[in-house]
Amino acid sequence: MYPVEVVGLNKSYGKVRALNGLNFSVNPGEIFGIIGPDGSGKSTLFRILTTLLLPDSGVALVDGFDTIKDYKKIRNRIGYMPGRFSLYKDLTVEENLKLFATVFNSDIKQNYYLIEPIYKQLEPFSGRRAGNLSGGMKQKLALSCALIHKPSVLFLDEPTTGVDPVSRKEFWEILSTLSKEGITIVVSTPYMDEASLCTRVALMLKGRILKSDTPADIVKSYTRELYSVKSKNISGLLKDLKRVPEGKSVFAFGEHLHLSLDPGTITLDKINEIIIKQGYRDVYINKIFPTIEDTYMLFSEEDFKNGR
């Protein structure tokens with residue numbers, strides 16, 4: 001039995017297709033990442049899996065229970081942290097935690113070992129109102145409240161959005177520890193760099209899954225040669241590289257451009273020659289290995305060409 005199993009899941013809002021025939025399953029104890037930009041259907045999927053929204057068709061099972069027929073059983077077995085901070089802002093840190101423990105017929109002492117690494121950072125602020133916490137501390141409190149009844153499956157919808165880099169790193173270290181405790185974690189994120197921290201990921205676009213596999217195997221499926229290009233006039237170079245006949249795609253990645261080509265179509269020296277002829281100087285170009293984000297862009301491009 002899979003902790004989470006989705007078969008043919010569909011959901012529309014009027015004429016907008018939020019989920020389009022989703023199929024995937026999550027293995028016990030893994031961190032399963034749902035990766036995609038805003039509007040790809042991540043939050044709709046999470047609301048269905050946590051029994052807060054009904055699908056139009058298809059089946060979603062959590063711990064073997066149907067999200068429609070067995071919603072009460074599921075709610076007692078899962079932890080859910082929505083994208084927006086949803087705890088009681090006027091209650092203190094400690095009051096919020098006690099409230100959630102009581103709702104699930106538990107108490108803080110019973111499962112304190114699960115939240116101890118997180119709550120130790122919150123203890124100095126236990127008397128502070130939740131609404132007055134920093135972004136990172138709010139997320140840690142929300143996670144503590146989602147864990148206090150020891151759920152078998154934990155759903156986290158974009159938990160690190162708007163959180164500083166240090167807090168993001170700490171948060172993922174916590175998730176790794178929880179996974180080792182046997183808790184299955186399903187987490188969504190728009191940050192492609194967080195995909196490498198998951199056991200497996202599903203890349204979502206427009207309500208569909210483009211690819212689902214381990215981060216390493218997804219990167220291995222990248223079929224093109226990839227070059228990193230840097231110049232002082234990055235915007236002009238972006239436009240001109242799009243005119244290179246052998247080029248398949250060009251995207252900006254920070255202060256670099258990623259140029260993809262079909263294997264064997266052109267050499268690095270030839271690319272450099274073309275760029276110099278166009279009047280660019282101080283150009284740095286290197287062949288690089290693709291990232292999850294490069295692979296996502298490739299799958300998105302192929303999806304668009306297929307008219308989906």
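**Figure 1. Burial and accessible surface in the predicted model.** Of the 308 residues in the protein, 48% are buried, in a model that is predicted. The accessible surface of the protein amounts to about 15300 Å², and carbon and sulfur atoms hold 51% of that area.

**Figure 2. Secondary structure, extent and contacts of the chain.** The protein contains 10 helices and 14 strands, and its C-alpha trace spans about 70 × 45 × 35 Å along the principal axes. Among contacts in the protein with a separation of 6 or more, 69% are made by residues 24 or more positions apart.

**Figure 3. The cavity in the protein.** The count of cavities of 30 Å³ or more comes to one, and the largest cavity has a volume of about 60 Å³.

**Figure 4. Elements that contribute to the lining of the largest cavity.** The greatest contribution comes from α10, which provides four residues.

Figure 5. The lining consists of Tyr 222, Arg 224, Leu 226, Ser 249, Phe 251, Phe 253, His 258, Ser 260, Asp 294, Met 297, Leu 298 and Glu 301. Sorted by class, six of the lining residues are nonpolar, while three are polar and three are charged.

Conventions: Residues are numbered from 1 along each chain as its sequence is written. This is a predicted model: local features need pLDDT of at least 70, side-chain atom pairs count only at pLDDT 80 or more; totals for chains, interfaces and linings use all residues. Side-chain values use heavy atoms; hydrogens and water are left out. On a 1 Å grid over the protein atoms alone, a cavity is a set of points where a 1.4 Å probe fits but cannot get out, and a pocket is an open set with protein on both sides within 12 Å along at least five of seven lines; lining residues have an atom within 4 Å of a point. Grid points are joined across faces, edges and corners, and a volume is the space filled by probe spheres set on the points. Helices (H or I, at least four residues) and strands (E, at least two) are DSSP runs, numbered from the N terminus. Ala, Val, Leu, Ile, Met, Phe, Trp, Tyr, Cys and Pro count as nonpolar, Asp, Glu, Lys and Arg as charged, and the others, Gly among them, as polar. Buried means under 20% relative accessible area, exposed over 50%, partly exposed in between (1.4 Å probe, protein chains only). Contact means heavy atoms within 4.5 Å. Accessible areas come from the Shrake-Rupley method with a 1.4 Å probe; for residues, only the protein chains shown count as cover.
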